[in-house]
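Visitor: Could you give one part of this model a close look, namely its aromatic rings and what packs around them?

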Amino acid sequence: MKFRLAASALAIATLIAACGGASTPTPSGSANPCFPVKGQCPEEAQLLTASGATFPAVIYTKWVDEYYKATGVQVNYQAIGSGGGIKAITEKTVDFAGSDAPMTDAQLASATSSILHIPTVMGAVVPTFNVPGVTKLNLTPETLAGIYLGTIKTWNDPKLTADNPGVTFPSTNITPVFRSDSSGTTFAFTDYLAKVSPDFKSKVGAGTAVTFPTGLGGKGNDGVAGAVKSTPNSIGYVELIYALQQKLGTASLRNASGKFVEPTLDAVSKAAVGVTYPDDLRVSITNSPNAEAWPISTFTFLLTYKDVSDHAKALAMARYFWWGTHDGQNFAKDLGYAPLPADVLTKAEAKIHAITSGGTLVLPAK
């Protein structure tokens with residue numbers, strides 16, 4: 001329900017923007033009124049449409065409102081899921097899209113235009129559970145994978161009790177709950193499990209939508225959380241921001257260094273430390289080797305065409321991306337996200353500067 005509201009809030013923000021005023025334009029004496037992004041730009045389009053990932057919907061709602069106040073540009077972002085965003089950018093039905101999962105080689109090949117990945121903020125996927133009498137739960141990669149493979153069937157399985165000394169588990173069956181819709185949340189979760197469990201990789205694999213061998217499906221974070229809340233002895237996975245907002249009980253998870261960690265924003269930030277980033281920034285930071293990292297951490301991305309024929313839209317998008325990765329970062333922590341690390345921001349800047357219109361760079365060269 002939360003993300004339905006978030007999507008609605010995005011639409012409402014756009015309507016409010018259409019009726020409100022905008023900030024005063026940059027003085028004409030400025031060397032470049034369009035960059036850096038400080039106010040209105042007379043050359044840019046006034047409306048952009050986008051769709052995609054639900055995970056960043058809360059912060060993107062904030063960005064929509066604040067960016068309109070700063071520039072007068074309306075951004076209509078519909079939170080429909082990462083799979084929907086990838087489909088939309090591929091079919092060119094939006095100006096840009098959002099996805100928690102990087103596009104695959106096959107998806108990029110099916111697109112008719114070159115697409116860039118621009119990271120915006122970081123977040124995490126967390127296990128949430130409903131076991132009567134149990135308030136704290138430690139999970140290892142092996143036990144979490146076993147639960148979703150159906151090989152660990154009961155809560156009093158010796159592998160679970162060994163990692164939770166002093167906890168009395170019931171002998172009841174475990175009900176795993178998963179996302180029934182295509183989502184970046186499922187991608188991050190399965191990407192992690194495929195890394196830590198060869199069985200999971202071969203039998204289920206990683207993707208925005210996979211076939212789990214057992215359990216119940218729920219649409220969106222609210223569907224998964226609702227199923228867990230209403231089903232005793234169940235476990236599910238949701239985005240950290242959603243768990244924080246809904247005050248859901250979350251499990252600790254043993255990371256790659258062997259330490260049980262809790263899902264915090266600081267632990268999410270640690271997951272990006274020491275990562276080697278590919279040139280295209282299609283990176284996975286799950287199962288980070290950092291000793292303090294939360295192991296199911298992820299970036300979320302904006303997807304944009306490298307070359308945009310409509311110069312006014314190209315300029316509007318490049319400016320919006322720049323503002324989001326700079327001024328927009330100030331809202332991250334208060335809204336439950338981790339801001340971009342400095343080294344990632346530098347790489348994101350290079351991608352934004354690479355956007356062209358008709359082969360000509362949209363923003364001034366650095």
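Guide: Rings of Phe, Tyr and Trp (its six-membered ring) pair if their centres lie within 6.5 Å; planes under 30 degrees apart count as stacked, over 60 as edge-to-face and the rest as tilted. The model is predicted, so local features need pLDDT of at least 70 and side-chain atom pairs 80 or more, while totals for chains, interfaces and linings use all residues. Residues are numbered from 1 along each chain as its sequence is written, and side-chain values use heavy atoms, without hydrogens or water.

There are 22 aromatic pairs in the structure. Tyrosine 60 and tyrosine 77 form an edge-to-face pair, because their ring centres are 5.1 Å apart and their planes stand at 85°. Tyrosine 60 belongs to helix α2 (residues 57-71) and tyrosine 77 to strand β2 (residues 74-79), so this pair ties together parts that are 17 residues apart in sequence. (Helices, H or I of at least four residues, and strands, E of at least two, are DSSP runs numbered from the N terminus.) Tyrosine 60 and tyrosine 77 are both buried, that is, under 20% relative accessible area with a 1.4 Å probe and protein chains only; over 50% would be exposed, and in between partly exposed.

Tryptophan 155 and phenylalanine 169 have ring centres 6.2 Å apart and planes at 15°, so they count as stacked. Tryptophan 155 sits in the loop between α5 (141-149) and α6 (158-162) and phenylalanine 169 in the loop between α6 and β6 (175-179), so the parts tied together here are 14 residues apart in sequence. Tryptophan 155 and phenylalanine 169 are buried.

Ring pairs also build a cluster, made of Tyr60, Trp63, Tyr67, Tyr77, Phe96, Tyr320, Phe321, Trp323 and Phe331. One of its members, Phe96, has a number that falls within strand β3 (residues 96-99), and β3 is joined to β11 by three bridges in antiparallel fashion. Two strands count as paired if DSSP finds at least two bridges between them. In this pairing, glycine 98 faces leucine 302 of β11. Strand β4 (residues 115-130) also runs antiparallel to β11, with nine bridges between them. Within that set, glycine 123 has threonine 298 of β11 as its bridge partner.

Strand β11 (residues 297-305) is mostly covered, with nine of its nine residues buried. Ser297, Phe299, Phe301, Leu303 and Tyr305 point one way from β11, while Thr298, Thr300, Leu302 and Thr304 point the other way. Both sets are buried.

A whole-structure search returns two cavities of 30 Å³ or more. (On a 1 Å grid over the protein atoms alone, a cavity is a set of points where a 1.4 Å probe fits but cannot get out; a pocket is an open set with protein on both sides within 12 Å along at least five of seven lines; lining residues have an atom within 4 Å of a point. Points are joined across faces, edges and corners, and a volume is the space filled by probe spheres set on them.) The largest cavity holds about 70 Å³ of space. It has 13 lining residues, of which Phe187, Val283, Ser284, Ile285 and Thr298 are the closest to its centre. Both α7 (184-196) and β11 contribute at least two residues to this lining, and β11 gives the most, with four.

The second largest cavity has a volume of about 50 Å³. Its lining consists of Phe55, Asp100, Gly123, Ala124, Val125, Gly184, Thr185, Ala188, Glu239 and Thr298. Here β4 and α7 each provide at least two residues.

Lysine 92 lies over the face of tyrosine 305, 5.8 Å from the ring centre; the criterion is NZ of Lys or CZ of Arg within 6 Å of the centre and within 35 degrees of the ring normal. Lys92 and Tyr305 are also among the residues that line the second largest pocket, together with Val94, Asp95, Ser113, Asp307, Val308, Ser309, Asp310, Lys313 and Met317. That pocket holds about 170 Å³ of space.
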